[in-house]
Amino acid sequence: MSGDPMRAADHPVLDKLQALLPAIAGRADEIEQARQLPADIANSLIETGVFKLCVPTALGGKEAHPLVLLRAIEMASIADGSTGWNVMIGASSGTTSAWLAPDVARLIH
């Protein structure tokens, strides 16, 4: 993983994620009632790059320091627990791509 652990809080994905958090927090009840993330929130999270934090750069990912991943999960969880859970599952799943054959990993990512 790349990146200086002391600068993990300065990652551009975290900046993009931070901008979404007030809107996510404001929709926490809606998320809870629906028992899933609304499509627009999921798409907004995708656009931040948060789900690519653990994907190797060779596969188009962010290959971020693990502290960046933990901070992203924390930030999203503070706004809404379910959103934090989705960020944790979606982002950390990218680690599997490092063990797949490159052609297979590219199909997934």
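**The salt bridges, pair by pair**

Reply: Asp40 has a relative accessible area of 42% and is therefore partly exposed, a class that lies between buried (under 20%) and exposed (over 50%), with a 1.4 Å probe and protein chains only. The model is predicted, so local features need pLDDT of at least 70 and side-chain atom pairs pLDDT 80 or more, whereas totals for chains, interfaces and linings use all residues. Residues are numbered from 1 along each chain as its sequence is written, and side-chain values use heavy atoms, with hydrogens and water left out.

Across the whole structure, a search finds 3 salt bridges, each being a side-chain nitrogen of Lys or Arg within 4 Å of a carboxyl oxygen of Asp or Glu. Side chains of opposite charge can pair when their charged atoms come close.

One of these bridges joins Asp40 to Arg27, with 2.6 Å between the closest N and O atoms. Because Asp40 belongs to helix α3 (residues 39–48) while Arg27 sits in the loop between α1 (12–26) and α2 (28–34), the pair ties together parts that are 13 residues apart in sequence; helices here are DSSP runs of H or I with at least four residues, numbered from the N terminus. Arg27 also forms a salt bridge with Glu30, where the closest N and O atoms are 2.8 Å apart. Arg27 counts as partly exposed because its relative accessible area is 23%, and Glu30, at 39%, is likewise partly exposed.

A further bridge links Glu74 with Arg71, their closest N and O atoms being 2.7 Å apart. Both Glu74 and Arg71 lie in helix α4 (residues 66–79), separated by 3 residues, or about one turn of the helix. Salt bridges that share partners join Arg27, Glu30 and Asp40 into one network.

Note on methods:
Helix = DSSP H or I, 4+ residues; strand = E, 2+ residues; numbered from the N terminus.
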